[in-house]
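Subject: Structure for your review

Dear colleague,

Please find the structure below, followed by an account of what was found in it. I would be grateful if you read the text with the coordinates open.

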Amino acid sequence: MKISRIDHVGIAVRSLEEALKFYEGVLGIKASGEEEVPEQLVRTAFLPVGDSEIELLASTSPEGPIARFIEKRGEGIQHIALRVDNIEAALERLKAAGVRLLDEVPRHGAGGARIAFLHPKATGGVLLELTERA
Ligand code: ZN
């Protein structure tokens, strides 16, 4: 398994528009685009910072995982994504090592990425995402 960088840090926010006032307006990081990911009931904005990005996540439904996260813990860092070159190989390696996974099979994420989440109980309490980009 080869992890090349932190692909992005996912931050749960109540409103993309409000969050962008700070990230774009104050910090001056220009969003590279916004996208809705219907499977995850979320709208995202990606803000490139060097080799990594900040991913702002706002729920499109009160039932969505981001809405539930904010209800429990408030706005804040929701996950950290690690870039892998081969997500199937990475998942096989983790399964063989007995690591608890939330996704045994990759699914589609924002920006055409293929992603899979590891259970926070296996990672020191952090929701880790593996990201493979074409
Ligand atoms: Zn992510």
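A residue is called buried when its relative accessible area is under 20%, exposed when that area is over 50%, and partly exposed in between. Because R114 has a relative accessible area of 26%, it counts as partly exposed. Please note that the model is a predicted one.

The zinc site

The zinc ion is held by four residues: H8 and H79, each through NE2, and E55 and E129, each through OE. The coordinating distances run from 2.1 to 2.4 Å. Along the chain, these donors are spaced as H-x46-E-x23-H-x49-E. Two of them, E55 in strand β4 and E129 in strand β8 (residues 128-132), are 74 residues apart and thus link distant parts of the chain. Both E55 and E129 are buried. The angles among the four donor atoms span 84 to 167°, and the site is irregular.

E55 and its surroundings

E55 is located in strand β4, which comprises residues 52-59. Its side chain makes a polar contact of 3.1 Å with the side chain of H79, and H79 is also a donor to the zinc ion. Beyond its neighbours within four places in sequence, E55 is in contact with H8, V9, G10, I11, T44, A45, F46, H79 and A110.

Which side chain of opposite charge is nearest to E55? It is that of R133, at a distance of 6.9 Å. A salt bridge requires a side-chain nitrogen of Lys or Arg within 4 Å of a carboxyl oxygen of Asp or Glu. E55 is therefore buried without a salt bridge, given the 6.9 Å to R133 and the 4 Å limit.

Salt bridges

Side chains of opposite charge can pair when their charged atoms come close.

E132 and R114 are joined through their side chains at 3.1 Å, N to O. This pair also connects distant parts of the chain, with E132 in strand β8 and R114 in strand β7 (residues 114-118), 18 residues apart. E132 is buried, because its relative accessible area is 16%, whereas R114 is partly exposed at 26%.

The side chains of E34 and R43 form a salt bridge with an N to O distance of 2.5 Å. E34 is partly exposed, with a relative accessible area of 44%, and R43 is likewise partly exposed, at 26%.

The side chains of E104 and K95 form another salt bridge, at 3.9 Å from N to O. The relative accessible area of E104 is 49%, so this residue is partly exposed. K95 is partly exposed as well, with a value of 33%.

L41 belongs to the loop between β2 (33-37) and β3 (42-49). With a relative accessible area of 31%, L41 is partly exposed.

With kind regards

Conventions
Residues are numbered from 1 along each chain as its sequence is written. This is a predicted model: local features need pLDDT of at least 70, side-chain atom pairs count only at pLDDT 80 or more; totals for chains, interfaces and linings use all residues. Side-chain values use heavy atoms; hydrogens and water are left out. Helices (H or I, at least four residues) and strands (E, at least two) are DSSP runs, numbered from the N terminus. Buried means under 20% relative accessible area, exposed over 50%, partly exposed in between (1.4 Å probe, protein chains only). Lys and Arg count as positive and Asp and Glu as negative; His and the chain ends are not counted. A polar contact is a pair of N or O atoms within 3.5 Å; within protein, one must be able to donate a hydrogen and the other to accept it, and residues adjacent in sequence count only if both atoms are side-chain atoms. Contact means heavy atoms within 4.5 Å. Donors are N, O and S atoms within 2.8 Å of the metal (3.2 Å for Na, K and Ca); water is not among the atoms, so sites may look incomplete. Four donors count as tetrahedral if all angles lie between 85 and 135 degrees; four count as square planar and six as octahedral if opposite donors are over 155 degrees apart and all others between 65 and 115; anything else is irregular.
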